[in-house]
Amino acid sequence: MKSKIKWAALGGLVLSFTSLLVHLFLARTSADLVQYTAITVFTEDLTPTLATRKGPGFRKLWGNVKSLEPLHPYPNPRSTYPVAVEQNNGFIYAKISGSFEKIRNSIVDLVAISRLLNATLVIPEIQESARSKGISSKFKSFSYLFNEDQFIAALANDVTIVKSLPPILREARRRKEYQIFKPKSSASLKFYTSEVLPRLKKAKVIGLILTDGGCLQSVLPPSMAEYQRLRCRASFHALQFRPEIEALGKLMVERLRASGQPYLAYHPGLKRDALAYHGCAEIFQDVHTELIQYRRAQMIKQGIISEELSVDSHARKRNGSCPLMPEEVGILLRAMGYPPRTRIYLAGSETFGGQRVMIPLRAMYTNLVDRTSLCSKQELANLVGPETPLTLDPYQLIPVKSANQLKEEWDKAGPRPRPLPPPPDRPIYRHEKEGWYGWIAEKDMEPEPSPNDQREQAHRLLWDALDYIVSVDAEVFFPGFDNDGSGPDFASLVMGHRLYEMASARTFRPNRKYLAELFNNTVDHLYYPPRNWTVSVREHLNKSLAEEGLWQESNLSKTMFFLSHPIPECSCSTVKATDIVHSGKNNNLHLLFEGQDECPKWMRQLRTQETNADEVDSQEDETDLDGQLESERYNGTDAIPSLEQDEEMDPDD
């Protein structure tokens with residue numbers, strides 16, 4: 001009997017052990033599938049039917065802006081434009097450093113400069129993705145992000161581009177025998193024609209080091225319009241990402257549009273450098289405020305900022321200089337009528353403040369996703385490529401004092417009575433030391449980037465590229481912050497690309513100063529604001545989609561960043577400006593189309609066919625905003641829940 005019990009117990013142990021092994025195996029093999037929860041479990045979106053898509057409620061949230069539909073991309077040369085020749089003044093070799101948007105703008109400016117100086121452009125070297133950063137050996141600098149062959153072929157009629165310098169000039173570069181320039185993004189045409197060109201003709205090669213996000217002034221004289229169109233061809237056609245990035249980006253768009261759903265892309269713009277530059281430290285708390293102030297002090301020391309270290313961040317926010325916080329963006333979207341189950345893609349490789357600042361927005365919009373929830377770990381790893389593992393810094397514990405050392409300190413501590421010795425120091429755990437802000441608790445100076453940090457900077461270029469693809473293709477784009485003319489930034493780059501490729505797509509261009517006043521007026525009732533507040537928000541954001549928002553963007557951003565507003569140089573209109581004047585439409589629309597070239601005949605014919613096909617849909621319900629608010633409250637399945645009606649929002653949240 002005892003032997004039978006032993007055998008039964010042994011069998012139970014074997015089965016338990018086998019079950020454990022099977023469980024561990026399944027958990028290991030299915031780990032990557034956990035990343036796909038956001039794809040298959042978007043909380044009941046209520047898939048829009050054809051009737052819903054044609055309804056006025058759907059069009060008001062997702063439909064194109066009718067007044068901007070005549071604008072079309074047209075970057076082709078409009079005048080005599082000779083083909084680039086190999087016999088020219090020499091070679092331009094450049095090294096570029098900076099963030100994703102700075103790199104992209106610098107490359108575009110390099111193409112224009114090469115054309116201006118009649119020089120051959122060598123594929124520029126991107127410092128953040130150099131081999132020295134420990135990235136995959138499968139890629140090399142420029143090709144880490146972009147498609148080299150596409151870049152060369154697309155600009156063959158404009159600029160001669162080669163992958164490397166000739167051997168003789170390569171040796172001269174190693175010996176530093178040619179002139180090196182470090183131009184600013186505001187460098188003028190005269191600087192290149194009077195200072196750079198003579199050196200180029202003499203040495204047959206010059207070097208450029210670009211750290212300012214560009215190397216040529218944004219606005220060029222009207223006679224240089226062809227160079228502006230060259231910028232558009234370089235940015236929007238020649239600069240294509242490598243095939244792996246393009247494929248994964250398109251796959252993310254497909255997953256977001258599963259079940260026929262539209263989606264909204266949101267870029268918070270919460271970057272440490274931007275917050276430090278504009279003095280927005282006090283809108284955060286604790287360690288984040290210290291980190292922003294430390295970076296601001298560095299910028300003052302480097303001469304980037306000429307202001308004081310401590311400024312009134314709340315006054316800066318009221319002035320529109322600081323980003324909209326995610327909570328504020330969520331309230332604005334609810335005021336516009338976007339329902340709680342709207343699919344929102346969170347763009348941006350860096351969100352300063354981490355997931356904590358996103359909690360209010362996630363509470364309002366449960367279908368908020370980013371690249372980590374749309375892609376598996378394996379898909380992201382394939383994009384990065386094989387990399388050599390880096391050794392982590394050894395974890396150093398606080399040295400423990402021996403009993404003799406403690407007794408010796410006690411004996412030397414002076415006459416009694418004495419207070420008890422302090423308790424032992426709290427141990428510092430590994431996750432605290434490895435955090436990107438962990439140094440602030442131990443040191444007064446920020447340490448130099450470690451190999452892991454440098455590799456992470458290269459990875460951020462890939463994440464920004466994915467976010468760029470998803471943001472440009474989105475039905476709606478909402479920027480939490482753009483630099484308003486302070487230089488290149490991600491949101492402005494996306495807004496300019498959307499304006500160029502499809503001007504009528506819904507791209508919000510909020511006036512943060514005006515919105516700050518609105519928020520201050522209802523600070524005690526943010527989640528249940530008065531009805532006239534909701535009307536004011538809708539009026540402002542709807543205007544920002546159309547000509548009023550475009551004029552604001554043109555006046556603020558184009559002077560410093562051409563790619564944020566590449567019209568009228570890179571677009572054409574299917575209607576004449578004189579026709580708009582005679583039609584009696586508003587003056588802003590007339591000013592917008594003034595200076596636009598007329599589109600070619602084939603493009604106008606195509607536009608006429610599309611207009612006839614959509615004649616029925618164009619009879620959109622143009623009731624006023626008060627009527628819209630009432631209809632949303634009582635309408636049936638097509639209704640968009642209003643802010644006052646939503647029961648999910650707690651006024652004491």
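Phe 236 is buried, with a relative accessible area of 5%; buried means under 20%, exposed over 50% and partly exposed in between, with a 1.4 Å probe and protein chains only. The model is predicted: local features need pLDDT of at least 70, side-chain atom pairs count only at pLDDT 80 or more, and totals for chains, interfaces and linings use all residues. Residues are numbered from 1 along each chain as its sequence is written, and side-chain values use heavy atoms, with hydrogens and water left out.

A pair of aromatic rings is described by the distance of the centres and the angle of the planes. Rings of Phe, Tyr and Trp (its six-membered ring) pair if their centres lie within 6.5 Å; planes under 30 degrees apart count as stacked, over 60 as edge-to-face and the rest as tilted. This rule gives 17 aromatic pairs. In one of them, the centres of Phe 100 and Phe 490 are 6.1 Å apart and the planes stand at 45°, so the pair is tilted. Phe 100 belongs to helix H5 (residues 100-116) and Phe 490 to helix H21 (residues 490-501), so the pair links parts of the chain 390 residues apart; helices (H or I, at least four residues) and strands (E, at least two) are DSSP runs, numbered from the N terminus. Phe 100 is buried at a relative accessible area of 1%, and Phe 490 is buried at 1%.

Phe 236 pairs with Tyr 500: the ring centres are 4.5 Å apart and the planes at 20°, so this pair is stacked. Phe 236 lies in helix H9 (residues 225-238) and Tyr 500 in helix H21, 264 residues apart. Tyr 500 is buried, with a relative accessible area of 5%. Ring pairs also link Phe 100, Phe 142, Phe 146, Phe 151, Phe 241, Tyr 468 and Phe 490 into a cluster.

Some rings carry a charge over the face, which requires NZ of Lys or CZ of Arg within 6 Å of the ring centre and within 35 degrees of the ring normal. Arg 242 lies over Tyr 144 at 5.7 Å from the ring centre, and Arg 334 over Tyr 365 at 6.0 Å.

The model also holds an open sheet of three strands in the order E1-E13-E14, with mixed pairing; two strands pair if DSSP finds at least two bridges between them. Strands E1 (71-73) and E14 (597-598) stand at the edges with a single partner strand each, so one side of each has no neighbour in the sheet. E1 pairs with strand E13 (residues 571-573) in the antiparallel sense over three bridges. Within this pairing, His 72 has Cys 572 of E13 as its bridge partner.
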